[in-house]
Amino acid sequence: MTTETGREAVEKILEQAAAEGRSSLTAPEGRAVCEAYGIPTPQERLATSADEAVAQAEEIGLPVVLKIVSPDILHKTEAGGVLVGLRTAEQVAEGYATILANAEAYDENAAIVGVQVQQMLTTGQEVIIGSVTDQTFGKIVAFGLGGVLVEVLKDVTFRLAPTSEDEALSMVDGIAAAEVLDGVRGAEPVDKKALAAIVHDLSRLVTDFPQLAEVDLNPVLATAEGATAVDVRILVDPEAAKEPVRFTQEEILAAMNRIMRPAAVAVIGASPVSGKIGNSVMKNLVNGGYAGEIYPINPKASEILDRKAYASISDVPGDVDVAVFAIPAKFVPAALEEAGKKGVAGAILIPSGFGETGNIELQNEVVAIARKHGVRILGPNIYGYYYTPENLSATFCTPYDVKGGVALSSQSGGIGMAILGFSRSAGMGVSSIVGVGNKADIDEDDLLTFFEHDDNTQLVAMHLEDLKDGRSFAETAKRVSAKKPVVVLKAGRTSQGAKAASSHTGALAGNDKVYDDILRQSGVIRAPGLNDMLEYARGIPLLPTPKGENVVIITGAGGSGVLLSDACVDNGLTLMEIPGDLDEAFRKFIPPFGAAGNPVDITGGEPPSTYRNTIALGLEDDRIHSLILGYWHTIVTPPMVFAELVVDVVEEFRKKGIHKPVVASLSGDVEVEQASDHLYAHGVVAYPYTTEKPVAVLGAKYRWARSAGLLG
């Protein structure tokens, strides 16, 4: 634990740097900061003359490393400011002079504090441990293989700071080359707990002192006995301590409940002319069955769709919860001012012409007006939103009325239409579909907070291109994921690291791995593509939560069994090792030329009874937790016969209180399409012509169940 004295020591160092107008700490200051937080560093001294360097080297013990100490030279190696393996007093004296000459040649205006004389550590595995202030997530910590190749290998993992000790250890075990740390080719395994302790301590340091913009511990030398931060680089920036405006959960819920369950909706820009956005919004509200009050706002009309029109929202006699804006962007500020005075909770800004076109000033103006009046803004530049429990279609798109437990959101209007079309085509029941557009105000964590408390929502699926406040989203998603699955499709997976970074950690943080690791840390199921997100949203709620990791494949085709096995590996599923008694039980139902084991291959020519008996055994045995079925179209067991028998046996066991995930892959002629639909309609996630999709949905269910701690 860090003592109060340790914190005070860091405060004094940072105050000194600030007083001198410095944006970085010297190496000795960096070592002192590490020492204050229990991060081990080598013995070292600061020399200001060659004689002093020699004396200090002999005191520490030769050999030593010499490093330039200058707040103006961050990359010491590039400047020729590092010499290693100096074994004699003569080498130290010569090295001192060489480093000063190199530094002057590199930057003749650099302020030279002196030369660091450091104990030379000769053994250990090089790793990097660092922290950076990410523009999306704020303070994050990184761990990976270190040394000069760190930016080439990029074998690194990230977490939000502060980390728990368990999270820190998961980082150490989470890199691709984790086996190197376990010892290869006779090398001793390193002390992983010592590495995790440094990660944990660094995460506390940057949390306590958010003005530490970047911290590089590279390399950290890890041995069987411990770990030591050999080189320390710390950048300071007061801007790094700034946090975005955040609302409390209570404030979010108060606004979102009025927005999603409004008693009255005003349409600003309502139109009597068919084909106008303001007319479409009115039609969807009226024809969609919304039972609340609907107020058309149009100064040039007296009545729209049999409802009295008002010149201004100020003229509406009753309270208004939501104002849907269907007017050009330039007229929004004045209309929003009136809506704010009226006391609306939510302004739904459909029009474009704001930040997405470069008009940041106009977008900032409407946000300022909204803040002044306590109004929350959805959008701008959106298609609107749906909330089916209230029959609310506050959108210019086509209405949607298939009610269910899936809530969806999208940052893009085009993706929103794809979500709508898929939902209609698949008959997927939804609680809500929301466009967030520019996210000038309301964003994904506001929606998550509402859906967390919404009894009509069992799963949330979100398409996003960026996160306005990634830390708030991650914290909210972690809380929600413990109760309900959260699926995210993050667009833009290519490198974002175009800006120059002044540290290795900063350079490494500019890629999609940050999103990937932190979403996983938050319990979010990340979908690789749009169709995957939609299929996860459709399928995950149908599957019972598995009680363990043992997955068994039962297939009528050996080729399907191989592909299904590959898909299990790809999706992190564990194929059960079949014990002898269970192997014997399966063999009673399959022909001699079939194969027990896992997959259980019943072969293609078997009658319906063989499928029924083996599936029943899989459901009955407590050691089996999930089933994957591979069907091959035959005359002996036609597709619909297979589908009906599977539904019969699954429902038979459900009545006995046995609920296990069952997914199916059907290969054959076009009849397998109808058979797959029949299975899906009865709670068996099934697809024709693919072995990958059903296993991917099952894998997504498992990822959620693991993160929510439901597998026992």
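This is a predicted model: local features need pLDDT of at least 70, side-chain atom pairs count only at pLDDT 80 or more; totals for chains, interfaces and linings use all residues.
Which strands pair with E2? One is strand E3, residues 82-86, which pairs with E2 in the antiparallel sense over three bridges, and here the bridge partner of Lys67 is Val82. Another is strand E4, residues 114-119, which also runs antiparallel to E2 and pairs with it over six bridges, with Val117 in E4 as the bridge partner of Leu66.

Now let us turn to a sheet elsewhere in the chain. This is an open sheet of five strands, paired in parallel, and its order is E12-E11-E15-E16-E17. The edge strands, each of which pairs on one side only, are E12, residues 293-297, and E17, residues 376-378. If we ignore direction, neighbouring strands of this sheet are turned against each other by 20 degrees on average. Inside the sheet, strand E11, residues 264-268, and strand E15, residues 322-325, pair in the parallel sense over four bridges, and Val267 stands opposite Val324 in E15. Helix H9, residues 249-260, packs on this sheet, where it touches E15, E16 and E17, and the direction of the helix makes about 55 degrees with that of E17.

How many aromatic pairs does the structure hold? In the pair of Phe137 and Tyr515, the ring centres are 5.1 Å apart and the planes stand at 75 degrees, which is over the cut-off of 60 degrees, so the pair is edge-to-face. This pair links distant parts of the chain, since Phe137 sits in the loop between strands E5 and E6 and Tyr515 sits in helix H17, 378 residues apart. Phe137 and Tyr515 are both buried.

The second pair is formed by Tyr387 and Phe450, whose ring centres are 5.8 Å apart and whose planes are again at 75 degrees, so this pair is edge-to-face as well. Tyr387 belongs to strand E18, residues 384-387, and Phe450 belongs to helix H14, residues 444-452, so that the pair joins distant parts of the chain, 63 residues apart. Tyr387 is buried, and Phe450 is buried too. Ring pairs also bring in Phe451, so that Tyr387, Phe450 and Phe451 are linked into a cluster.

Lys308 lies over the face of Tyr310, at 5.1 Å from the ring centre, and Arg538 lies over the face of Tyr680, at 3.6 Å from the ring centre.

Let us go on to the loop between E18 and E19, where we find Thr388. Is Thr388 buried or exposed? Its relative accessibility is 4%, and so Thr388 counts as buried. The side chain of Thr388 reaches the backbone oxygen of Val430 at 2.6 Å. Leaving aside neighbours within four places in sequence, Thr388 is in contact with Tyr400, Val402, Lys403, Val430 and Ser431.

Asn391 lies in the loop between E18 and E19 too, and its phi is near 55 degrees, a positive value in a residue other than glycine. With a relative accessible area of 28%, Asn391 is partly exposed. Leu305, in the loop between strands E13 and E14, has a phi near 50 degrees, which is likewise a positive value in a residue other than glycine. At 31% relative accessibility, Leu305 counts as partly exposed.

Finally, a word on the backbone at two prolines. The peptide bond from Ala161 to Pro162 is cis, with omega near 0 degrees, and Pro162 lies in the loop between strand E7 and helix H6. The bond from Gly379 to Pro380 is cis as well, again with omega near 0 degrees, and Pro380 is found in the loop between E17 and E18.

Methods:
Residues are numbered from 1 along each chain as its sequence is written. Side-chain values use heavy atoms; hydrogens and water are left out. Two strands pair if DSSP finds at least two bridges between them. Helices (H or I, at least four residues) and strands (E, at least two) are DSSP runs, numbered from the N terminus. Axes are lines fitted to C-alpha atoms, for helices over the stretch in contact, and angles run from 0 to 180 degrees between N-to-C directions. Contact means heavy atoms within 4.5 Å. Rings of Phe, Tyr and Trp (its six-membered ring) pair if their centres lie within 6.5 Å; planes under 30 degrees apart count as stacked, over 60 as edge-to-face and the rest as tilted. Buried means under 20% relative accessible area, exposed over 50%, partly exposed in between (1.4 Å probe, protein chains only). A charge sits over a ring if NZ of Lys or CZ of Arg is within 6 Å of the ring centre and within 35 degrees of the ring normal. A polar contact is a pair of N or O atoms within 3.5 Å; within protein, one must be able to donate a hydrogen and the other to accept it, and residues adjacent in sequence count only if both atoms are side-chain atoms.
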